[in-house]
Amino acid sequence: MSSEAKVGATALIGIILTTLIVLYLSGVTFAEKGYPVKAVFKQINGLIPGNAVNYAGVKIGKVKAIKIVPEGVEVELSIDKKVQIPKGASFTINSAGLMGEQYVSIKPPASPGDTGSIQPNEYVNGIDPQNLDELFSEATSALKQMRGLIKSLEDVFGDEKVKGALRDSALNSKELTENLKNLTATLDGLAQNNESRINELVVNLSLMAESLRSVSQGIDNNGKTAADLVETVENIKIISQRVEKIAASLEDVTTDPETVDSLKATIKNAKDVSEKANKTLTQINAIKTSTELEFLYDATARDYVGNIYLKVMKDNSPSFAIIGVSDIGEDNNFNLQYGRGYPNWAQRIGVIESKFGVGLDYKVIDKLQLSFDLYDPNDVKYKARAKFELDDDLFLIGQTTRDKERARRTHNYFGLQKVL
(Lines give C-alpha, C1' and ligand atoms only; values in the text may rest on other atoms or scores of the structure.)
Protein backbone atom coordinates (compact mmCIF):
# COMPACT_ATOMS: atom_id res chain seq x y z
CA MET A 1 0.00 0.00 0.00
CA SER A 2 1.39 3.41 -0.99
CA SER A 3 2.03 6.22 1.50
CA GLU A 4 -0.81 8.28 0.03
CA ALA A 5 -3.22 5.37 0.36
CA LYS A 6 -2.17 4.77 3.98
CA VAL A 7 -2.66 8.44 4.82
CA GLY A 8 -6.09 8.42 3.17
CA ALA A 9 -7.11 5.19 4.91
CA THR A 10 -5.88 6.55 8.25
CA ALA A 11 -7.85 9.75 7.82
CA LEU A 12 -11.00 7.87 6.74
CA ILE A 13 -10.87 5.46 9.66
CA GLY A 14 -10.19 8.35 12.06
CA ILE A 15 -13.28 10.16 10.74
CA ILE A 16 -15.34 6.96 11.14
CA LEU A 17 -14.16 6.47 14.74
CA THR A 18 -14.85 10.13 15.56
CA THR A 19 -18.34 9.83 14.05
CA LEU A 20 -19.02 6.65 16.05
CA ILE A 21 -17.95 8.33 19.30
CA VAL A 22 -20.07 11.43 18.60
CA LEU A 23 -23.10 9.26 17.74
CA TYR A 24 -22.61 7.22 20.89
CA LEU A 25 -22.32 10.30 23.12
CA SER A 26 -25.45 11.75 21.52
CA GLY A 27 -27.42 8.58 22.22
CA VAL A 28 -27.67 7.37 18.59
CA THR A 29 -27.09 3.67 17.96
CA PHE A 30 -26.28 1.75 14.77
CA ALA A 31 -28.98 -0.83 15.21
CA GLU A 32 -32.23 -1.18 17.04
CA LYS A 33 -31.68 -1.87 20.73
CA GLY A 34 -35.04 -3.50 21.24
CA TYR A 35 -37.46 -5.93 19.67
CA PRO A 36 -40.76 -4.88 18.02
CA VAL A 37 -44.22 -5.47 19.52
CA LYS A 38 -47.32 -4.33 17.63
CA ALA A 39 -50.36 -3.04 19.53
CA VAL A 40 -53.68 -2.31 17.80
CA PHE A 41 -55.97 0.47 19.11
CA LYS A 42 -59.28 1.91 17.88
CA GLN A 43 -57.88 5.43 18.42
CA ILE A 44 -54.58 6.69 19.87
CA ASN A 45 -55.56 10.16 21.17
CA GLY A 46 -52.53 12.12 19.89
CA LEU A 47 -49.79 9.48 20.32
CA ILE A 48 -46.79 10.07 17.97
CA PRO A 49 -43.57 8.19 17.10
CA GLY A 50 -40.86 8.78 19.68
CA ASN A 51 -43.23 8.80 22.68
CA ALA A 52 -42.18 6.64 25.63
CA VAL A 53 -43.30 3.09 26.49
CA ASN A 54 -43.51 2.39 30.24
CA TYR A 55 -43.93 -0.93 32.05
CA ALA A 56 -45.30 -0.51 35.60
CA GLY A 57 -44.02 3.09 35.53
CA VAL A 58 -40.50 2.22 34.23
CA LYS A 59 -39.46 3.32 30.73
CA ILE A 60 -38.62 0.25 28.62
CA GLY A 61 -38.84 1.54 25.05
CA LYS A 62 -40.45 3.98 22.66
CA VAL A 63 -43.07 4.24 19.93
CA LYS A 64 -41.33 3.42 16.64
CA ALA A 65 -44.08 3.77 14.02
CA ILE A 66 -47.82 4.30 13.62
CA LYS A 67 -49.97 3.25 10.68
CA ILE A 68 -53.66 2.83 9.79
CA VAL A 69 -54.96 -0.74 9.47
CA PRO A 70 -58.49 -2.12 8.88
CA GLU A 71 -58.82 -2.90 12.61
CA GLY A 72 -57.95 0.68 13.62
CA VAL A 73 -54.44 2.02 14.31
CA GLU A 74 -51.35 -0.21 14.53
CA VAL A 75 -48.66 1.14 16.91
CA GLU A 76 -45.23 -0.49 16.58
CA LEU A 77 -43.35 -0.44 19.89
CA SER A 78 -39.59 -0.91 20.27
CA ILE A 79 -39.04 -2.75 23.59
CA ASP A 80 -35.67 -3.03 25.33
CA LYS A 81 -34.40 -6.52 24.53
CA LYS A 82 -33.48 -7.05 28.20
CA VAL A 83 -37.15 -6.73 29.22
CA GLN A 84 -39.58 -9.66 28.91
CA ILE A 85 -43.25 -8.66 28.99
CA PRO A 86 -45.50 -11.44 30.36
CA LYS A 87 -48.48 -12.55 28.33
CA GLY A 88 -51.74 -11.10 29.59
CA ALA A 89 -50.26 -7.63 30.21
CA SER A 90 -52.60 -4.73 29.30
CA PHE A 91 -51.57 -1.97 26.87
CA THR A 92 -53.15 1.49 27.33
CA ILE A 93 -52.40 5.06 26.26
CA ASN A 94 -51.98 7.62 29.06
CA SER A 95 -50.76 11.19 29.31
CA ALA A 96 -48.30 12.83 31.69
CA GLY A 97 -50.72 15.15 33.46
CA LEU A 98 -53.92 16.61 32.05
CA MET A 99 -52.31 18.09 28.92
CA GLY A 100 -48.92 16.31 29.00
CA GLU A 101 -47.23 14.12 26.42
CA GLN A 102 -48.91 10.84 25.51
CA TYR A 103 -47.19 7.52 26.26
CA VAL A 104 -47.98 3.80 26.11
CA SER A 105 -48.48 2.27 29.55
CA ILE A 106 -48.10 -1.50 30.04
CA LYS A 107 -49.52 -3.01 33.22
CA PRO A 108 -48.54 -6.52 34.45
CA PRO A 109 -51.30 -9.15 34.37
CA ALA A 110 -53.42 -9.53 37.51
CA SER A 111 -52.31 -13.17 37.88
CA PRO A 112 -48.92 -13.52 36.12
CA GLY A 113 -48.39 -17.25 36.64
CA ASP A 114 -46.08 -19.07 34.17
CA THR A 115 -47.75 -18.10 30.88
CA GLY A 116 -44.61 -17.12 28.96
CA SER A 117 -43.68 -13.74 27.50
CA ILE A 118 -44.65 -11.68 24.45
CA GLN A 119 -42.42 -12.54 21.48
CA PRO A 120 -40.90 -10.16 18.88
CA ASN A 121 -43.39 -8.99 16.19
CA GLU A 122 -46.32 -10.36 18.20
CA TYR A 123 -49.66 -8.52 17.95
CA VAL A 124 -51.57 -7.44 21.08
CA ASN A 125 -54.91 -5.66 21.48
CA GLY A 126 -54.64 -2.31 23.21
CA ILE A 127 -57.20 -0.75 25.54
CA ASP A 128 -58.47 2.48 23.97
CA PRO A 129 -57.91 5.66 26.02
CA GLN A 130 -60.82 7.73 27.28
CA ASN A 131 -61.19 10.71 24.95
CA LEU A 132 -61.36 14.14 26.64
CA ASP A 133 -64.22 15.14 24.34
CA GLU A 134 -66.19 12.11 25.52
CA LEU A 135 -65.46 12.95 29.16
CA PHE A 136 -66.62 16.55 28.69
CA SER A 137 -69.72 15.35 26.83
CA GLU A 138 -70.61 12.89 29.60
CA ALA A 139 -70.00 15.55 32.25
CA THR A 140 -72.24 18.03 30.38
CA SER A 141 -74.98 15.41 30.08
CA ALA A 142 -74.75 14.61 33.81
CA LEU A 143 -75.00 18.30 34.69
CA LYS A 144 -78.09 18.69 32.52
CA GLN A 145 -79.73 15.72 34.24
CA MET A 146 -78.81 17.15 37.65
CA ARG A 147 -80.36 20.50 36.75
CA GLY A 148 -83.54 18.71 35.65
CA LEU A 149 -83.68 16.74 38.91
CA ILE A 150 -83.23 19.91 41.01
CA LYS A 151 -85.94 21.67 39.02
CA SER A 152 -88.31 18.73 39.54
CA LEU A 153 -87.67 18.73 43.31
CA GLU A 154 -88.27 22.46 43.44
CA ASP A 155 -91.57 22.03 41.61
CA VAL A 156 -92.67 19.21 43.94
CA PHE A 157 -91.72 20.68 47.31
CA GLY A 158 -92.58 24.21 46.30
CA ASP A 159 -96.23 23.28 45.76
CA GLU A 160 -98.51 24.49 48.61
CA LYS A 161 -100.58 21.29 48.55
CA VAL A 162 -97.47 19.13 49.03
CA LYS A 163 -96.38 21.32 51.92
CA GLY A 164 -99.79 20.96 53.54
CA ALA A 165 -99.78 17.16 53.06
CA LEU A 166 -96.37 16.90 54.68
CA ARG A 167 -97.61 18.93 57.69
CA ASP A 168 -100.71 16.67 58.01
CA SER A 169 -98.49 13.55 57.81
CA ALA A 170 -96.30 14.85 60.59
CA LEU A 171 -99.38 15.55 62.78
CA ASN A 172 -100.85 12.10 62.08
CA SER A 173 -97.58 10.20 62.67
CA LYS A 174 -98.35 9.97 66.43
CA GLU A 175 -101.74 8.37 65.72
CA LEU A 176 -100.17 5.93 63.23
CA THR A 177 -97.56 4.86 65.81
CA GLU A 178 -100.30 4.15 68.38
CA ASN A 179 -102.24 2.00 65.86
CA LEU A 180 -99.12 -0.06 65.09
CA LYS A 181 -98.61 -0.71 68.81
CA ASN A 182 -102.20 -1.95 69.15
CA LEU A 183 -101.84 -4.26 66.13
CA THR A 184 -98.60 -5.74 67.52
CA ALA A 185 -100.27 -6.44 70.90
CA THR A 186 -103.20 -8.17 69.20
CA LEU A 187 -100.91 -10.45 67.14
CA ASP A 188 -98.88 -11.30 70.24
CA GLY A 189 -102.01 -12.37 72.12
CA LEU A 190 -103.19 -14.49 69.18
CA ALA A 191 -99.84 -16.30 69.02
CA GLN A 192 -99.85 -17.06 72.77
CA ASN A 193 -103.44 -18.43 72.76
CA ASN A 194 -102.75 -20.76 69.80
CA GLU A 195 -99.11 -21.71 70.51
CA SER A 196 -99.81 -25.47 70.78
CA ARG A 197 -101.71 -25.54 67.45
CA ILE A 198 -98.97 -23.60 65.67
CA ASN A 199 -96.29 -25.99 66.96
CA GLU A 200 -98.32 -29.00 65.80
CA LEU A 201 -98.75 -27.42 62.33
CA VAL A 202 -95.00 -26.79 61.99
CA VAL A 203 -94.18 -30.41 62.94
CA ASN A 204 -96.65 -31.79 60.37
CA LEU A 205 -95.21 -29.55 57.63
CA SER A 206 -91.67 -30.74 58.46
CA LEU A 207 -92.70 -34.42 58.25
CA MET A 208 -94.43 -33.79 54.91
CA ALA A 209 -91.37 -32.03 53.48
CA GLU A 210 -89.07 -34.86 54.57
CA SER A 211 -91.35 -37.48 52.97
CA LEU A 212 -91.45 -35.58 49.68
CA ARG A 213 -87.66 -35.21 49.70
CA SER A 214 -87.16 -38.97 50.23
CA VAL A 215 -89.53 -39.85 47.39
CA SER A 216 -87.90 -37.38 44.96
CA GLN A 217 -84.41 -38.63 45.78
CA GLY A 218 -85.41 -42.23 45.25
CA ILE A 219 -86.91 -41.48 41.86
CA ASP A 220 -84.60 -38.79 40.51
CA ASN A 221 -81.30 -39.10 42.43
CA ASN A 222 -81.30 -35.43 43.51
CA GLY A 223 -82.44 -34.28 40.09
CA LYS A 224 -79.50 -35.83 38.31
CA THR A 225 -81.43 -38.66 36.63
CA ALA A 226 -83.74 -36.39 34.66
CA ALA A 227 -80.86 -34.16 33.56
CA ASP A 228 -78.82 -37.20 32.48
CA LEU A 229 -81.72 -38.56 30.45
CA VAL A 230 -82.21 -35.27 28.62
CA GLU A 231 -78.48 -34.95 27.89
CA THR A 232 -78.24 -38.60 26.70
CA VAL A 233 -81.13 -38.22 24.28
CA GLU A 234 -79.66 -35.01 22.83
CA ASN A 235 -76.21 -36.63 22.38
CA ILE A 236 -77.72 -39.66 20.63
CA LYS A 237 -79.55 -37.35 18.24
CA ILE A 238 -76.39 -35.36 17.39
CA ILE A 239 -74.26 -38.52 16.90
CA SER A 240 -76.89 -40.05 14.64
CA GLN A 241 -76.93 -36.97 12.40
CA ARG A 242 -73.13 -36.93 12.14
CA VAL A 243 -72.93 -40.66 11.30
CA GLU A 244 -75.48 -40.19 8.50
CA LYS A 245 -73.48 -37.33 6.97
CA ILE A 246 -70.18 -39.24 7.15
CA ALA A 247 -71.71 -42.38 5.68
CA ALA A 248 -73.21 -40.45 2.77
CA SER A 249 -69.88 -38.71 2.05
CA LEU A 250 -67.71 -41.84 2.15
CA GLU A 251 -70.08 -44.30 0.49
CA ASP A 252 -68.76 -43.69 -3.04
CA VAL A 253 -65.09 -43.59 -1.95
CA THR A 254 -64.94 -46.72 0.20
CA THR A 255 -66.56 -48.94 -2.47
CA ASP A 256 -63.57 -48.45 -4.83
CA PRO A 257 -60.48 -50.55 -3.77
CA GLU A 258 -58.04 -48.48 -5.89
CA THR A 259 -59.26 -45.26 -4.30
CA VAL A 260 -58.81 -46.74 -0.82
CA ASP A 261 -55.19 -47.78 -1.60
CA SER A 262 -54.41 -44.33 -3.07
CA LEU A 263 -55.79 -42.62 -0.01
CA LYS A 264 -53.64 -44.75 2.29
CA ALA A 265 -50.48 -44.01 0.29
CA THR A 266 -51.26 -40.29 0.12
CA ILE A 267 -51.83 -40.06 3.86
CA LYS A 268 -48.55 -41.89 4.58
CA ASN A 269 -46.54 -39.68 2.19
CA ALA A 270 -48.06 -36.50 3.63
CA LYS A 271 -47.19 -37.64 7.13
CA ASP A 272 -43.55 -38.38 6.17
CA VAL A 273 -43.14 -35.02 4.40
CA SER A 274 -44.66 -33.16 7.34
CA GLU A 275 -42.33 -34.83 9.86
CA LYS A 276 -39.22 -34.06 7.75
CA ALA A 277 -40.28 -30.45 7.20
CA ASN A 278 -40.95 -29.92 10.90
CA LYS A 279 -37.57 -31.40 11.83
CA THR A 280 -35.71 -29.20 9.28
CA LEU A 281 -37.52 -25.99 10.31
CA THR A 282 -36.90 -26.71 13.99
CA GLN A 283 -33.16 -27.08 13.41
CA ILE A 284 -32.96 -23.88 11.30
CA ASN A 285 -34.95 -21.78 13.76
CA ALA A 286 -32.74 -22.95 16.65
CA ILE A 287 -29.57 -21.45 15.07
CA LYS A 288 -28.56 -17.86 15.95
CA THR A 289 -25.76 -15.70 14.56
CA SER A 290 -24.11 -12.41 15.49
CA THR A 291 -21.52 -10.32 13.61
CA GLU A 292 -18.67 -8.47 15.35
CA LEU A 293 -17.03 -5.49 13.55
CA GLU A 294 -13.82 -4.05 15.02
CA PHE A 295 -11.77 -0.91 14.23
CA LEU A 296 -8.52 -0.89 16.24
CA TYR A 297 -5.58 1.52 16.31
CA ASP A 298 -2.11 -0.07 16.56
CA ALA A 299 -0.32 2.35 18.87
CA THR A 300 3.00 0.55 18.25
CA ALA A 301 2.99 0.66 14.44
CA ARG A 302 0.76 3.75 14.30
CA ASP A 303 -1.66 2.06 11.90
CA TYR A 304 -5.31 1.04 11.85
CA VAL A 305 -6.60 -2.55 11.78
CA GLY A 306 -10.03 -3.84 10.80
CA ASN A 307 -11.44 -7.21 11.97
CA ILE A 308 -14.73 -9.05 11.32
CA TYR A 309 -16.00 -12.18 13.08
CA LEU A 310 -19.19 -14.26 12.71
CA LYS A 311 -20.36 -16.15 15.81
CA VAL A 312 -22.76 -19.08 15.29
CA MET A 313 -24.63 -20.71 18.18
CA LYS A 314 -27.63 -22.92 18.84
CA ASP A 315 -30.46 -22.42 21.32
CA ASN A 316 -30.08 -24.24 24.64
CA SER A 317 -26.56 -25.37 23.74
CA PRO A 318 -23.28 -24.16 25.31
CA SER A 319 -21.33 -24.81 22.07
CA PHE A 320 -20.53 -22.13 19.50
CA ALA A 321 -18.32 -21.48 16.45
CA ILE A 322 -16.36 -18.38 15.37
CA ILE A 323 -15.48 -17.62 11.72
CA GLY A 324 -13.65 -14.44 10.74
CA VAL A 325 -10.81 -12.46 9.22
CA SER A 326 -8.47 -10.16 11.16
CA ASP A 327 -6.12 -7.41 9.90
CA ILE A 328 -8.25 -6.96 6.76
CA GLY A 329 -6.32 -5.54 3.80
CA GLU A 330 -2.89 -6.28 5.30
CA ASP A 331 -2.17 -9.82 6.55
CA ASN A 332 -5.77 -11.10 6.18
CA ASN A 333 -5.42 -13.68 8.97
CA PHE A 334 -8.09 -16.42 9.00
CA ASN A 335 -9.93 -17.54 12.17
CA LEU A 336 -12.01 -20.69 12.62
CA GLN A 337 -12.66 -21.78 16.20
CA TYR A 338 -14.95 -24.13 18.12
CA GLY A 339 -15.88 -23.18 21.67
CA ARG A 340 -17.96 -24.17 24.65
CA GLY A 341 -19.41 -21.63 27.08
CA TYR A 342 -20.11 -21.72 30.80
CA PRO A 343 -21.77 -19.14 33.13
CA ASN A 344 -18.66 -16.93 33.57
CA TRP A 345 -16.06 -18.33 31.14
CA ALA A 346 -15.60 -20.07 27.79
CA GLN A 347 -12.88 -22.17 26.12
CA ARG A 348 -11.96 -22.19 22.42
CA ILE A 349 -9.79 -24.28 20.06
CA GLY A 350 -9.03 -24.07 16.35
CA VAL A 351 -7.36 -21.69 13.90
CA ILE A 352 -6.33 -18.36 15.49
CA GLU A 353 -4.63 -15.75 13.26
CA SER A 354 -4.15 -18.48 10.58
CA LYS A 355 -2.34 -20.72 13.13
CA PHE A 356 -3.50 -23.56 15.36
CA GLY A 357 -4.18 -22.42 18.92
CA VAL A 358 -6.40 -22.30 21.98
CA GLY A 359 -8.24 -19.47 23.74
CA LEU A 360 -9.91 -18.66 27.04
CA ASP A 361 -12.57 -15.98 27.85
CA TYR A 362 -13.43 -14.90 31.42
CA LYS A 363 -16.15 -12.47 32.54
CA VAL A 364 -14.75 -10.46 35.47
CA ILE A 365 -17.92 -8.40 36.04
CA ASP A 366 -21.13 -7.94 34.10
CA LYS A 367 -19.62 -5.45 31.59
CA LEU A 368 -15.91 -6.51 31.56
CA GLN A 369 -14.48 -9.58 29.80
CA LEU A 370 -10.84 -10.71 29.56
CA SER A 371 -9.52 -13.02 26.80
CA PHE A 372 -6.20 -14.80 26.23
CA ASP A 373 -5.19 -16.68 23.04
CA LEU A 374 -2.09 -18.89 22.58
CA TYR A 375 -1.29 -19.99 19.01
CA ASP A 376 1.38 -21.14 16.47
CA PRO A 377 3.04 -24.19 18.15
CA ASN A 378 6.22 -23.75 16.03
CA ASP A 379 6.83 -20.15 17.15
CA VAL A 380 4.56 -19.50 20.12
CA LYS A 381 2.63 -16.23 20.07
CA TYR A 382 -0.11 -14.83 22.31
CA LYS A 383 -2.88 -12.26 22.28
CA ALA A 384 -4.43 -10.72 25.44
CA ARG A 385 -7.42 -8.38 25.30
CA ALA A 386 -9.98 -6.65 27.54
CA LYS A 387 -13.49 -5.80 26.33
CA PHE A 388 -15.70 -3.30 28.21
CA GLU A 389 -19.39 -2.71 27.35
CA LEU A 390 -20.14 0.98 26.72
CA ASP A 391 -23.72 0.49 25.56
CA ASP A 392 -25.91 -2.25 24.14
CA ASP A 393 -23.80 -4.02 21.45
CA LEU A 394 -21.00 -1.38 21.61
CA PHE A 395 -17.68 -2.26 23.33
CA LEU A 396 -14.33 -0.59 24.05
CA ILE A 397 -11.35 -2.86 23.17
CA GLY A 398 -7.80 -2.89 24.59
CA GLN A 399 -5.42 -5.54 23.17
CA THR A 400 -1.76 -6.61 23.40
CA THR A 401 -0.14 -9.16 21.02
CA ARG A 402 3.24 -10.88 21.01
CA ASP A 403 4.26 -11.62 17.42
CA LYS A 404 7.90 -12.66 16.82
CA GLU A 405 7.53 -12.43 13.03
CA ARG A 406 7.13 -8.62 13.10
CA ALA A 407 9.81 -6.01 13.51
CA ARG A 408 8.25 -4.82 16.74
CA ARG A 409 7.35 -7.98 18.61
CA THR A 410 4.78 -6.47 20.99
CA HIS A 411 1.86 -4.46 19.58
CA ASN A 412 -0.72 -2.54 21.61
CA TYR A 413 -4.19 -1.77 20.22
CA PHE A 414 -7.29 0.11 21.31
CA GLY A 415 -10.58 0.77 19.54
CA LEU A 416 -14.29 -0.09 19.27
CA GLN A 417 -16.30 -3.22 18.56
CA LYS A 418 -19.91 -3.20 17.26
CA VAL A 419 -22.08 -6.35 17.47
CA LEU A 420 -24.82 -6.66 14.84
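Guide: A cut-off comes before anything else: rings of Phe, Tyr and Trp (its six-membered ring) pair if their centres lie within 6.5 Å. With that in hand, Tyr297, Tyr304 and Phe414 form one aromatic cluster. Keep in mind that this is a predicted model.

Visitor: How many aromatic pairs does a search of the whole structure find?

Guide: The search gives four aromatic pairs.

Visitor: What is the geometry of the rings of Tyr297 and Phe414?

Guide: The ring centres of Tyr297 and Phe414 are 5.6 Å apart and the planes stand at 65°, so this pair is edge-to-face. Planes over 60 degrees apart count as edge-to-face.

Visitor: Where do Tyr297 and Phe414 lie?

Guide: Tyr297 is in strand β8 (residues 287-298), and Phe414 is in strand β17 (residues 410-419). The pair therefore ties together parts that are 117 residues apart in sequence.

Visitor: And what is the relative accessible area of Tyr297, and of Phe414?

Guide: Tyr297 has 22% and is partly exposed. Phe414 is partly exposed too, with 48%.

Visitor: OK, next pair. Are Phe372 and Tyr382 stacked or edge-to-face?

Guide: Phe372 and Tyr382 are stacked, at 5.9 Å centre to centre with 20° between the planes. Phe372 belongs to strand β14 (residues 368-375) and Tyr382 to strand β15 (residues 381-391), so the pair ties together parts that are 10 residues apart in sequence. Phe372 is partly exposed at a relative accessible area of 41%, and Tyr382 is partly exposed at 28%.

Visitor: Switching to charges. Which ring does the charged end of Lys311 sit over?

Guide: The charged end of Lys311 sits over the ring of Phe320, 4.6 Å from its centre. Another case is Lys387, which lies over the face of Phe395 at 4.8 Å from the ring centre.

Visitor: Now the fold. How many strands close into a barrel, and in what order?

Guide: The barrel is closed by 10 strands, in the order β8-β9-β10-β11-β12-β13-β14-β15-β16-β17, with antiparallel pairing. From one strand to the next, the twist averages 20°.

Visitor: Take β9 and β10. How many bridges do they pair over?

Guide: Six bridges: strand β9 (residues 303-314) pairs with strand β10 (residues 319-326) in the antiparallel sense.

Visitor: What stands opposite Ile308?

Guide: Val325 in β10 stands opposite Ile308.

Technical notes
Residues numbered from 1 in each chain as written. Predicted model: local features only at pLDDT ≥ 70, side-chain atom pairs only at ≥ 80, totals over all residues. Heavy atoms only, no water. Phe/Tyr/Trp six-rings, centres within 6.5 Å; stacked < 30°, edge-to-face > 60°. Helix = DSSP H or I, 4+ residues; strand = E, 2+ residues; numbered from the N terminus. Buried < 20%, exposed > 50% of the residue type's maximum accessible area, 1.4 Å probe, protein only. Lys NZ or Arg CZ within 6 Å of the ring centre and 35° of its normal. Pairing = 2+ DSSP bridges. Axes fitted to C-alpha atoms, helices over the stretch in contact; angles between N-to-C directions.
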